[in-house]
Amino acid sequence: MKKSTLINSDLSYLVATLGHTDEITICDAGLPIPDHVRRIDLALTHGVPSFEQTVKAILDESQIEGVVIAEEFKEISPAHHAVLIDQLKTEEVRCNKSINIAYISHEEFKQRTNDSRAVIRTGECTPYANVIFQAGVTF
């Protein structure tokens with residue numbers, strides 16, 4: 001049996017097959033997901049699992065070098081945005097690597113998901129609670 005924290009087989013496979021600079025999206029329950037992009041739907045009910053829980057699970061299991069966030073997230077949902085930024089800062093300290101944070105419009109964000117290896121849908125119902133992770137390397 002797998003020893004690390006991530007036990008969802010679809011997520012575990014996704015993380016194991018990421019290459020440097022590959023992108024994955026973690027999104028709220030309402031973000032449109034392009035038909036051609038792999039959907040990993042974790043949403044069970046409103047808020048389950050949360051965006052924060054899902055971000056933590058992916059950060060615990062993978063190396064991230066950059067993130068893309070919609071500008072609207074920090075404006076419309078500042079408390080949730082602050083939690084994400086805190087998670088990223090904690091990850092930087094834990095891995096002793098910086099994580100680049102880029103902001104784009106929500107419309108640009110939705111277009112950018114077309115290039116994601118997968119979109120992970122959470123049960124989060126907070127507006128703009130979405131992030132694109134860019135895979136880094138551990139060396």
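Biologist: How do the residues lining the second largest pocket divide into nonpolar, polar and charged?
Modeller: Six are nonpolar, six polar and two charged (Asp, Glu, Lys and Arg count as charged; Ala, Val, Leu, Ile, Met, Phe, Trp, Tyr, Cys and Pro as nonpolar; the others, Gly among them, as polar). This is a predicted model, where local features need pLDDT of at least 70 and side-chain atom pairs pLDDT 80 or more, while totals for chains, interfaces and linings use all residues. Numbering starts from 1 along each chain as its sequence is written, and side-chain values use heavy atoms, without hydrogens and water.

Biologist: Which residues are closest to the centre of that pocket?
Modeller: Of the 14 lining residues, Glu61, Ser62, Gln63, Gly136 and Thr138 are the closest. A pocket is an open set of 1 Å grid points where a 1.4 Å probe fits, with protein on both sides within 12 Å along at least five of seven lines, and lining residues have an atom within 4 Å of a point.

Biologist: And the largest pocket, which helix gives the most to its lining?
Modeller: H2 does, with five residues (helices are DSSP runs of H or I, at least four residues, numbered from the N terminus). The lining includes Gln53, Thr54, Lys56, Ala57 and Asp60, along with Thr5, Leu6 and Ile7. By class, the largest pocket has six nonpolar, four polar and two charged lining residues.

Biologist: Switching topic, which residues of H2 meet H4?
Modeller: Phe51, Glu52, Val55, Lys56, Leu59 and Asp60, with heavy atoms within 4.5 Å counting as contact. On the H4 side are Val83, Leu84, Gln87, Leu88, Glu91 and Arg94.

Biologist: What's the make-up by class there?
Modeller: Six nonpolar, one polar and five charged residues.

Key: Helix = DSSP H or I, 4+ residues; strand = E, 2+ residues; numbered from the N terminus.
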